[in-house]
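Hello,

Here is the structure I promised to pass on.

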Amino acid sequence: MDKELQQITADASSGRRHADKLIKVYARDGGETWVLVHVEVQGEPEDGFAQRMYTYQYRLRDRYGVDVVSLAVLADTSPGFRPERFRYARWGCELSFAFPMTKLIDWEARWADLEFSENVFALVVMAQIKAKRLDDGEERQRAKVGLIRLLYERGYSRAEIQRLFHIIDWMIQLPRGLERGFLEVVYAIEEEKRMPYINTAERLGMEKGLEQGMEKGLEQGHHLGVADTLRKQIALKFGELPTWADERLSQASDEQLDEWVVKILSAESLEALLGNH
């Protein structure tokens, strides 16, 4: 219900007013009771986060007149950032709004549980933690390969493996010089498991960029590979790429593309990432 949510938040007079998702769900028993579930994924600490959660809550409830469940997923690495409640009181008037919160880095202490979990989101959580914690390129590559190997060992369907591969690949970015090595390891894992699921077209443009780099120069090849990878990332996060965004990617410099690759994880909208068109 993203369009409905945009209508609710568009007239806000101050502050950030872009929610991640608004989803309507139905009870299993087929009853007519319904609830709106709002999930807010926060990548960095923010002083006004709890108040913003409350703002979404009352606006949604006011518009639809039904129960609203607000859930916060904190993907940052600051141990002390744990907002769970918004409260104010003045002259006998008091309000307290509490919401469930999960902190992804808390799962570092339960890493073995994530490794053995059958929940597909366990891999996503692991990828997010590694993306936040690791800066060294070779360490990121080793972690990324480990997650891809787990992905192939869990008995997921072809579609699930492809989807999770794309997510893990854009969450854990590698330096240019390590992309080829990562792809070769992926090929080896596929051959070992006899699961040729990630074909050339689905390898996020990296192989294409590397091949064209050999023919036309490594610099040009990298440029094409990054642009193609970014197109895949944008499609996963924001949906089909509009014409104006495709043109902007085609005309961007290497520096601009590299900047967008870094920013896409925290970008709240396509316009916020690439600029207004």
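**Aromatic pairs, cores and charges**

Tyr54 and Tyr58 sit 4 residues apart in helix α2, so about one helical turn separates them (helices are DSSP runs of H or I with at least four residues, strands are runs of E with at least two, and both are numbered from the N terminus). Before going further: this is a predicted model, in which local features need pLDDT of at least 70 and side-chain atom pairs count only at pLDDT 80 or more, while totals for chains, interfaces and linings use all residues. Residues are numbered from 1 along each chain as its sequence is written, and side-chain values use heavy atoms, with hydrogens and water left out.

Tyr54 is buried at 19% relative accessibility, whereas Tyr58 is partly exposed at 39% (buried means under 20% relative accessible area, exposed over 50%, partly exposed in between, with a 1.4 Å probe and protein chains only). Phe49 and Phe99 are both buried. These two form an edge-to-face aromatic pair, with 6.3 Å centre to centre and 70 degrees between the planes (rings of Phe, Tyr and Trp, the last by its six-membered ring, pair if their centres lie within 6.5 Å; planes under 30 degrees apart are stacked, over 60 edge-to-face, the rest tilted). Phe49 belongs to helix α2 (residues 49-64) and Phe99 to the loop between β5 (93-98) and β6 (101-103), so the pair ties together parts 50 residues apart in sequence. Ring pairs join Phe49, Tyr54, Tyr58, Phe81, Phe86, Tyr88, Phe97 and Phe99 into a cluster.

The largest nonpolar core has 48 residues, and Leu123, Ile148, Ile234 and Leu274 have the most contacts inside it (such a core is a set of buried Ala, Val, Leu, Ile, Met, Phe, Trp, Tyr and Cys residues joined through side-chain atoms within 4.5 Å). A second, separate core of 11 residues includes Phe81, Phe86, Phe97 and Phe99.

On the charged side, the whole structure holds 11 salt bridges (a side-chain nitrogen of Lys or Arg within 4 Å of a carboxyl oxygen of Asp or Glu). One of them joins Lys132 and Glu44 at 2.8 Å, N to O. Lys132 lies in helix α4 and Glu44 in the loop between β2 (34-42) and α2, so this bridge ties together parts 88 residues apart in sequence. Both partners are partly exposed, Lys132 at 29% and Glu44 at 45%. Glu40, Glu46 and Arg52 are linked in a network of salt bridges.

Best wishes
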